Amino acid sequence: MQNSKLTIENKGKIICGNDGSAADAQHLAAELVVKYQKKRKALPAIAITTDTSILSSIGNDFSYDKIFSRQIEPLGERKDLIICLTTSGNSKNIINAVKSAKKKGINCFSLVGNNGGKLKNIQNDLIIIPSKKTSVIQICQLTLGHILCDYIEKNL
């Protein structure tokens, strides 16, 4: 939570990236840009799951495993916070996103199921949702995302 407040204070973006939870990343980015519960200044957030031309080009020209890390290379800055949503914790595109962010000195935070999967071995800042059931993990990710949005709005 503190990373999100620091990111906002430094005028950084909160970039939501994910795997099977693309709609949830878009939803949370919209809550930050538009509003969650109250009218306030717009906050910079990007769901890097939405540009089909970029996603398909990276998938075709490089690999699906690089669809997020390739976008972090030009878009990510040290003052940003990368939020990753993954149900398995083993998605190579998420693991590569975290590695790319770390190389650039960008803070990462993840909401992950499946006991953390491989992601827990390369990232410290994560909440592990103790389930292997995708629907349960995604409901928890969205709930925790809303708690984050509420925290941000109350602490601006």
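**View 1. Helix H6 gives the largest share of the lining of the largest cavity, three residues.** This is a predicted model, in which local features need pLDDT of at least 70 and side-chain atom pairs count only at pLDDT 80 or more, while totals for chains, interfaces and linings use all residues. Residues are numbered from 1 along each chain as its sequence is written, and side-chain values use heavy atoms, with hydrogens and water left out. The lining consists of Cys16, Leu28, Leu32, Ile83, Phe109, Leu111, Gly145, Leu148 and Cys149. Two or more of these residues come from each of helix H2 (22-33), S4 and helix H6 (134-154). Helices (H or I, at least four residues) and strands (E, at least two) are DSSP runs, numbered from the N terminus.

**View 2. The largest cavity holds about 50 Å³ of space.** A cavity is a set of points on a 1 Å grid over the protein atoms alone where a 1.4 Å probe fits but cannot get out; lining residues have an atom within 4 Å of a point. Grid points are joined across faces, edges and corners, and the volume is the space filled by probe spheres set on the points. One cavity of 30 Å³ or more is counted by this rule. Its lining has eight nonpolar residues, one polar and no charged. Here Ala, Val, Leu, Ile, Met, Phe, Trp, Tyr, Cys and Pro count as nonpolar, Asp, Glu, Lys and Arg as charged, and the others, Gly among them, as polar.

**View 3. Strand S3 (residues 81-86) is mostly covered.** Leu81, Ile83 and Leu85 are buried on one side. Ile82, Cys84 and Thr86 are buried on the other.

**View 4. Strand S3 pairs with S1 and with S4.** Two strands pair if DSSP finds at least two bridges between them. S1 (residues 14-18) runs parallel to S3, with five bridges. Asparagine 18 has leucine 85 of S3 as its bridge partner. S4 (residues 107-112) is also parallel to S3, joined by six bridges. There, threonine 86 is bridged to valine 112 of S4.

**View 5. S3, helix H5 (residues 92-103) and S4 form a right-handed β-α-β unit.** Right-handed means that, with the strands pointing away from the viewer, the path from the first strand over the helix to the second runs clockwise.

**View 6. Isoleucine 14 lies in strand S1.** Isoleucine 14 counts as buried because its relative accessibility is 2%. Proline 44 is 30 residues away from isoleucine 14 in sequence. In space, their C-alpha atoms are 6.5 Å apart.

Terms used:
Buried means under 20% relative accessible area, exposed over 50%, partly exposed in between (1.4 Å probe, protein chains only). On a 1 Å grid over the protein atoms alone, a cavity is a set of points where a 1.4 Å probe fits but cannot get out, and a pocket is an open set with protein on both sides within 12 Å along at least five of seven lines; lining residues have an atom within 4 Å of a point.
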